[in-house]
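Here is a short report on one protein chain.

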Amino acid sequence: MGFTQTTKNPTGLETLWQMLRELSSPTDSVQGPASWKDDPEAKAGLVGRNTELDAKINVFAYSWGAGWFFPRFAQALQRWGRSIDNVVLCDPVYRSPRLLFRGRSLLNRVWAPSIRIPSNVRRVQIYRQKTDKPSGHRVIPIDPRRTEIVSDVLIRDTPHVRMDDLPEFHNLCLKLSREITSCDC
């Protein structure tokens with residue numbers, strides 16, 4: 001979830017999770033939304049302990065969840081020997097680990113640091129907007145031979161706070177999830 005989001009109130013990611021839960025089965029698990037400030041090592045440990053090495057994993061993230069939590073989660077999964085098949089980042093926003101540089105999340109894509117994607121991620125698709133700040137930052141694979149940026153779509157007339165409600169984002173996440181589950185829905 002993004003910077004101001006918590007599980008206290010409904011979000012676009014909660015709506016997405018509600019749709020994805022229908023794909024759960026004894027062999028397919030859909031985890032609930034994580035906060036951008038959750039412990040990525042702990043979440044990766046949960047996945048690592050409870051999935052097969054060849055499990056297909058998709059991750060869908062928004063804002064600081066995409067720019068802060070997700071890269072750390074992917075790195076932690078890499079230490080567990082797990083790869084991530086598909087990632088959909090919705091308006092991913094960089095967050096500096098240093099308090100002094102936190103304002104950089106409001107800079108435009110040219111001046112903001114890049115969000116680096118670990119090499120255990122196979123495919124990345126991105127939705128971003130430029131309607132207001134913050135707006136999605138640059139996403140760069142650490143190893144472009146192993147990580148493919150499949151698409152980077154600019155959405156017009158949608159502010160950052162509405163991006164996680166984007167139907168295109170939800171539809172792509174559902175499509176990718178249906179491709180790896182045993183659900184006939």
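## Two phenylalanines in a helix

Phe 69 and Phe 73 are both buried. The model is predicted. These two residues sit in helix α3, four residues apart, so about one helical turn separates them.

## Aromatic pairs

The structure contains two aromatic pairs. One of them joins Trp 36 and Trp 64. Their ring centres are 4.8 Å apart and their planes make 75 degrees, an edge-to-face arrangement. Trp 36 counts as buried because its relative accessibility is 9%, below the 20% limit. Trp 64 is buried too, at 9% relative accessibility.

Phe 69 and Phe 73 also pair. Their ring centres lie 5.6 Å apart. Their planes meet at 15 degrees, so this pair is stacked. A pair of aromatic rings is described by the distance of the centres and the angle of the planes.

## Charges over rings

Which ring lies under the charged end of Arg 21? It is the ring of Trp 17, with the charged end 4.5 Å from the ring centre. Arg 72 is placed over the face of Trp 68. Here the distance to the ring centre is 3.5 Å.

## Cysteines

How many disulfides does a search of the whole structure find? The count is zero. For Cys 90, the closest cysteine sulfur is that of Cys 173, 8.0 Å away.

## Overall fold

The protein chain has four helices and six strands. Read from the N terminus, the order is α-α-β-α-β-β-β-β-β-α. The chain has 185 residues, and 49% of them are buried.

The chain exposes about 9900 Å². Carbon and sulfur atoms supply 52% of that area.

## Nonpolar cores

In soluble globular proteins, nonpolar side chains tend to be buried together. In this model, the largest nonpolar core holds 23 residues. Those with the most contacts inside it are Phe 70, Ile 84, Val 87, Leu 89, Ile 117, Val 121 and Val 124. At least two residues each come from α2, β1 (58-62), α3, β2 (84-90), β3 (115-117) and β4 (121-129). Which element gives the most to this core? Helix α3 does, with seven residues.

Leu 89 shows what such contacts look like. Setting aside residues up to four places away in sequence, Leu 89 touches Ala 61, Ala 66, Phe 70, Ile 117, Val 124, Gln 125, Ile 126, Tyr 127 and Val 139. A second, separate core has 18 residues. Its members include Met 1, Tyr 62, Tyr 127 and Leu 166.

Val 139 lies in strand β5. Its relative accessibility is 11%, so Val 139 counts as buried. Beyond neighbours within four places in sequence, Val 139 is in contact with Leu 89, Pro 92, Ile 115, Ile 117, Val 124, Ile 126, Arg 128 and Ile 149. Val 139 and Tyr 94 are 45 residues apart along the chain, and 9.3 Å separates their C-alpha atoms.

Where is Ser 135 placed? Ser 135 is in the loop between β4 and β5 (139-141). Ser 135 counts as buried, with 4% relative accessibility. Its contacts, leaving aside neighbours within four places in sequence, are Asp 91, Pro 92, Val 93, Gln 129 and Lys 130. Pro 92 is in contact with Ser 135 and also with Val 139.

Definitions and conventions: Residues numbered from 1 in each chain as written. Predicted model: local features only at pLDDT ≥ 70, side-chain atom pairs only at ≥ 80, totals over all residues. Heavy atoms only, no water. Phe/Tyr/Trp six-rings, centres within 6.5 Å; stacked < 30°, edge-to-face > 60°. Buried < 20%, exposed > 50% of the residue type's maximum accessible area, 1.4 Å probe, protein only. Lys NZ or Arg CZ within 6 Å of the ring centre and 35° of its normal. Disulfide = S-S within 2.5 Å. Areas by Shrake-Rupley, 256 points an atom, 1.4 Å probe, with all protein chains shown as cover. Core = buried A, V, L, I, M, F, W, Y, C linked by side-chain atoms within 4.5 Å. Contact = heavy atoms within 4.5 Å.
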